[in-house]
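Please have the display open while I talk.

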Amino acid sequence: MTSPSESSEEIRSAVPYGTPDAPRIAVRGEAHLEVDPEIARIGITVSARGTDRRDALTDLTRRNTTALDLVKTYGDAVEKLETGAFSITPELTKHGRGERIRAYHGRVHITAELTDFTALGELTTRLADLDLTRVDGPWWALRPDSPAHRQARQQAVREAVQRAREYAEALGTTLAALVELADIGAENAHPYGMEAQATRSMRTMAFDAAAPEGAPALDLEPERQHVYAQVNARFTMSPPVL
């Protein structure tokens, strides 16, 4: 059990304010980088329709295999290839008594992630040229471990130190020690600009299988990515002479 004097001392030491002998400066460091994307994702939807369930499944399986084989021919340019969802849905007649099936609709959703943006334009066009195939995207992005994130964080820290140093110089003194450095995300705040970043990186283009025979490859211009970082920092400084 702590004594009242010990509790008071702990409270005083936990207060995030300075003292006349050790004034504190609290600043925020920010960084905004604009960099080229590292990966591009496209969504591929393969469809089939038939009056017989087995025929619809057979057509869907064949078209799905064709799409997958086409993507795989691009080798190392494709970093990831995943099948997301499959569905076969009966379509009922709108008129008449009872539940009479008019047709069956099948769909398979595929996601491909590419690192070669030259191959991306050609692959997108070739996929859109397949029967009953829809292509969505591209969605441009950075990898989670991209060096750009580290660069932005380091730049935000340097900016915080520089800002604190300028405040101290305005008082005719210097920084003494770093007391705290906190990432904004650790304090349940949203880094400035993240909403805008998500909006810019989710721009979508859709292509249906209506391209003419031997359609030229699309010229897709990679969308620049915006990386943001923010930190809060507290420093002590030598007592200024006011």
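Predicted model: local features only at pLDDT ≥ 70, side-chain atom pairs only at ≥ 80, totals over all residues.

Where is the place of alanine 103? Alanine 103 sits in strand 4, residues 101-114, and here strands (E, at least two residues) and helices (H or I, at least four) are DSSP runs numbered from the N terminus. Residues are numbered from 1 along each chain as its sequence is written, and side-chain values use heavy atoms, with hydrogens and water left out.

Alanine 103 is buried, with a relative accessible area of 0%, where buried means under 20%, exposed over 50% and partly exposed in between, using a 1.4 Å probe and protein chains only. Leaving aside neighbours within four places in sequence, alanine 103 is in contact with Arg49, Gly50, Thr51, Thr89, Pro90 and Glu91, contact meaning heavy atoms within 4.5 Å. With arginine 49, the separation is 54 residues in sequence but 6.9 Å in space, C-alpha to C-alpha.

Of the 242 residues, 34% count as buried, and among contacts between residues at least 6 apart in sequence, 84% join residues at least 24 apart.

Now to helix 2, residues 53-72, whose 20 residues should span 28 Å at 1.5 Å a residue, and whose end C-alpha atoms are 28 Å apart, which agrees; the expected span is 1.5 Å times one less than the number of residues. Which residues of helix 2 are buried? They are Ala56, Leu60, Arg63, Asn64, Ala67, Leu68, Leu70 and Val71. These residues cover an arc of only 160° around the axis, which puts them on the same side of helix 2, the arc being that of the directions from the helix axis to the C-beta atoms. On the other side of helix 2, Arg54 and Lys72 are exposed. What covers the buried residues includes strand 2 (39-50), strand 3 (78-92), strand 4 and helix 3.

At its start, a side-chain oxygen of aspartate 116 reaches to within 3.0 Å of the backbone nitrogen of threonine 118. Further along helix 3, which comprises residues 117-128, threonine 124 is buried with a relative accessible area of 2%, and its side chain reaches the backbone oxygen of leucine 120 at 2.7 Å.

Finally, how many aromatic pairs does the count come to? The count is 1, taking rings of Phe, Tyr and Trp (its six-membered ring) with centres within 6.5 Å, and calling planes under 30 degrees apart stacked, over 60 edge-to-face and the rest tilted. The partners are phenylalanine 117 and tryptophan 140, edge-to-face at 5.0 Å centre to centre with 85° between the planes. The pair links distant parts of the chain, with phenylalanine 117 in helix 3 and tryptophan 140 in strand 5 (residues 133-141), 23 residues apart. Both phenylalanine 117 and tryptophan 140 are buried.

Note on methods:
Polar contact = N/O pair within 3.5 Å; in protein donor to acceptor, adjacent residues only side chain to side chain.
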